[in-house]
Amino acid sequence: MAGLKDKRGFIDKERLDLTERKAMEFWMKRWGVTRDQLTAAHRKVGRLTKDIAAELGKKR
C-alpha cells in the first residue's frame, strides 16, 4: 500500500479539509475523536493539523 488516499490523491498531512471524507476518517481514528470535535477544533484554530492536534491535546 503506497499510502492513504482521498479524492484528490494522497491525504495532506499538513492541512485538513473538512470536505474530504477519507481524510476526516483518518484523523478521527488517529486521534480518537469524533467528527464534531474535529470540526470544532478546525473552526477554532484553522486548517493546520498541528494546530488542531494542539487544540485537541493530541500528538501530531
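The model is a predicted one, so local features need pLDDT of at least 70 and side-chain atom pairs count only at pLDDT 80 or more, while totals for chains, interfaces and linings use all residues. Residues are numbered from 1 along each chain as its sequence is written, and side-chain values use heavy atoms, with hydrogens and water left out.

The largest nonpolar core has 13 residues; a core here is a set of buried Ala, Val, Leu, Ile, Met, Phe, Trp, Tyr and Cys residues joined through side-chain atoms within 4.5 Å. "Buried" stands for under 20% relative accessible area, "exposed" for over 50%, and "partly exposed" for anything in between, using a 1.4 Å probe and protein chains only. The residues with the most contacts inside this core are I11, L16, W27, W31, L38 and I52. The elements α1, α2 and α3 each give two or more residues to it, and α1 supplies the largest share, six residues. Helices (H or I, at least four residues) and strands (E, at least two) are DSSP runs, numbered from the N terminus.

I52 sits in helix α3, which covers residues 49-56, and I52 is buried, with a relative accessible area of 0%. Not counting residues up to four places away in sequence, I52 touches L16, W31, L38, A41, H42, V45, G46 and R47, where a contact means heavy atoms within 4.5 Å.

Next come the two helices themselves. α2 and α3 pack at an angle of about 115°, and their axes are 9 Å apart. Those axes are lines fitted to C-alpha atoms, for helices over the stretch in contact, and angles run from 0 to 180 degrees between N-to-C directions. On the α2 side, Q37, L38, A41, H42, K44 and V45 take part, meeting D51, I52, E55 and L56 in α3. The residues of this contact divide into five nonpolar, two polar and three charged.

Side chains of opposite charge can pair when their charged atoms come close. A salt bridge is a side-chain nitrogen of Lys or Arg within 4 Å of a carboxyl oxygen of Asp or Glu, and by this rule the count comes to three. One of them joins K44 and E55, with the closest N and O atoms 3.2 Å apart. This pair links distant parts of the chain, with K44 in helix α2 (residues 35-45) and E55 in helix α3, 11 residues apart. K44 counts as exposed at 60% relative accessibility, whereas E55 is partly exposed at 35%.

Another salt bridge connects E25 and R21 (2.9 Å, N to O). Both lie in helix α1 (residues 21-31), four residues apart, or about one turn of the helix. R15 and D12 also meet through their side chains, at 3.7 Å from N to O; R15 is partly exposed at 43%, and D12 is partly exposed at 26%.

Methods. Ala, Val, Leu, Ile, Met, Phe, Trp, Tyr, Cys and Pro count as nonpolar, Asp, Glu, Lys and Arg as charged, and the others, Gly among them, as polar.
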